[in-house]
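Here is a short report on one protein structure. Look at the model first, then read on.

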Amino acid sequence: MKASGLAFSALLVLVLAVASLFVGVSDVSLATLFSGEADGRALHVLLASRLPRTVALILAGSAMAVCGTIMQMLVRNRFVEPSTAGTVESASLGFLVIVLVAPGLPVIGRMAVAALFALAGTMLFLAILRRIPLRSTLMVPLVGIMLGGVISAVTSFLAYRFDMLQSLGAWTTGDFSAVLRGRYELLWIAFGLTCLAYFAADRLTVAGMGEDFTTNVGLNYRRIALFGLSIVSVVTAVVVVTVGMIPFLGLIVPNIVSMIVGDNLRRSLPWVAVLGSGIVLACDIIGRIVLYPFEIPIGTVVGVFGSAAFLYLLLRRNARVF
């Protein structure tokens with residue numbers, strides 16, 4: 001039953017992906033593609049813009065959702081994800097710093113620096129949690145949100161100091177409208193790391209049961225945790241550098257999937273990847289048609305949907321956490 005449900009969900013994502021190819025200001029349809037109008041302009045738009053954009057949506061959505069699952073498993077709290085643990089804000093700070101210090105650095109170098117900042121910010125978040133003796137379930141995401149707010153304030157100050165506030169806003173707002181062929185390929189790194197997380201799913205599941213249990217079964221908890229957090233940091237940096245922030249995606253998707261298939265990562269990660277891709281595709285299509293011919297950035301659409309889902313998860317009476 002669950003396998004058929006996953007196949008049906010994947011089919012829905014495929015339908016959304018096909019719909020995404022034909023939604024936009026430029027007239028791209030089956031009629032224009034096969035009629036050869038305007039010297040193949042429709043085909044050029046499809047191959048240079050629409051297809052890369054759709055692939056980027058799928059890669060970013062699945063990768064960020066998987067990152068949220070890994071963070072929730074390692075921190076053992078269902079309200080944690082990169083945007084509620086200071087990871088996204090740290091990656092943005094790293095990206096701004098490297099642009100100020102070495103503006104000529106290649107994109108891969110900017111991504112590497114942003115990943116290091118993201119990992120450092122996540123480690124700082126975990127270090128703060130260890131110093132809170134009696135932390136409640138809701139205290140953990142609140143600490144992460146406050147830490148992210150402090151890091152975001154530092155980032156905004158630096159951007160203001162060097163007259164880059166507008167550029168910072170353009171970089172960090174989740175927006176796929178500028179995705180073109182040759183400007184999204186870094187997201188394949190996120191795809192590779194997502195596959196790597198699936199192959200290590202059993203070890204990450206064991207680590208989610210706590211350090212004592214992991215040590216008792218003969219595994220190195222710190223090594224597994226560093227491995228998982230490194231994946232989260234690099235994927236977050238890749239997404240931020242390529243398309244900006246996509247808030248709350250890594251929070252709502254793992255919680256929905258947990259209700260369906262449970263907490264075993266070997267079973268849940270395919271669901272998480274498919275559902276994450278579907279939500280991002282749907283939100284992007286909504287953002288393109290609500291104010292047509294203008295676009296609402298996907299970060300705004302996902303933020304509205306994700307914040308409402310976050311409040312629901314916080315307030316529902318039968319909320320279940322690790």
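## The second largest pocket

The second largest pocket has a volume of about 450 Å³. A pocket is an open set of points on a 1 Å grid over the protein atoms alone, with protein on both sides within 12 Å along at least five of seven lines. A volume is the space filled by probe spheres set on the points, which are joined across faces, edges and corners.

The largest share, four residues, comes from α11.

## About the model

This model is predicted: local features need pLDDT of at least 70, side-chain atom pairs count only at pLDDT 80 or more, and totals for chains, interfaces and linings use all residues. Residues are numbered from 1 along each chain as its sequence is written, and side-chain values use heavy atoms, with hydrogens and water left out.

## The overall fold

The protein chain has 14 helices and zero strands. Both are DSSP runs, numbered from the N terminus: helices are H or I with at least four residues, strands E with at least two. The C-alpha trace spans about 65 × 55 × 35 Å along its principal axes.

Of the 322 residues, 49% count as buried, meaning under 20% relative accessible area with a 1.4 Å probe, protein chains only.

## The nonpolar core

The largest nonpolar core holds 90 residues. Such a core is a set of buried Ala, Val, Leu, Ile, Met, Phe, Trp, Tyr and Cys residues joined through side-chain atoms within 4.5 Å. Among those that touch the most other members are Ile70, Phe125 and Val253. Helix α3 (residues 41-75) gives the most to this core, with 14 residues.

What does Val253 touch, leaving aside neighbours within four places in sequence? Val253 is in contact with Ala65, Val272, Leu275, Gly276 and Ile279. Contact means heavy atoms within 4.5 Å.

## The cavity

The whole structure has one cavity of 30 Å³ or more. A cavity is a set of grid points where a 1.4 Å probe fits but cannot get out. The largest cavity has a volume of about 90 Å³. It is lined by 13 residues, and Thr69, Arg78, Pro254, Ser258 and Asp263 lie nearest its centre. Helices α3, α12 (249-261) and α13 (265-289) each give two or more residues to this lining.

How values were computed. Buried < 20%, exposed > 50% of the residue type's maximum accessible area, 1.4 Å probe, protein only. 1 Å grid on protein atoms, 1.4 Å probe; cavity = no way out; pocket = protein on both sides within 12 Å on 5 of 7 lines; lining within 4 Å.
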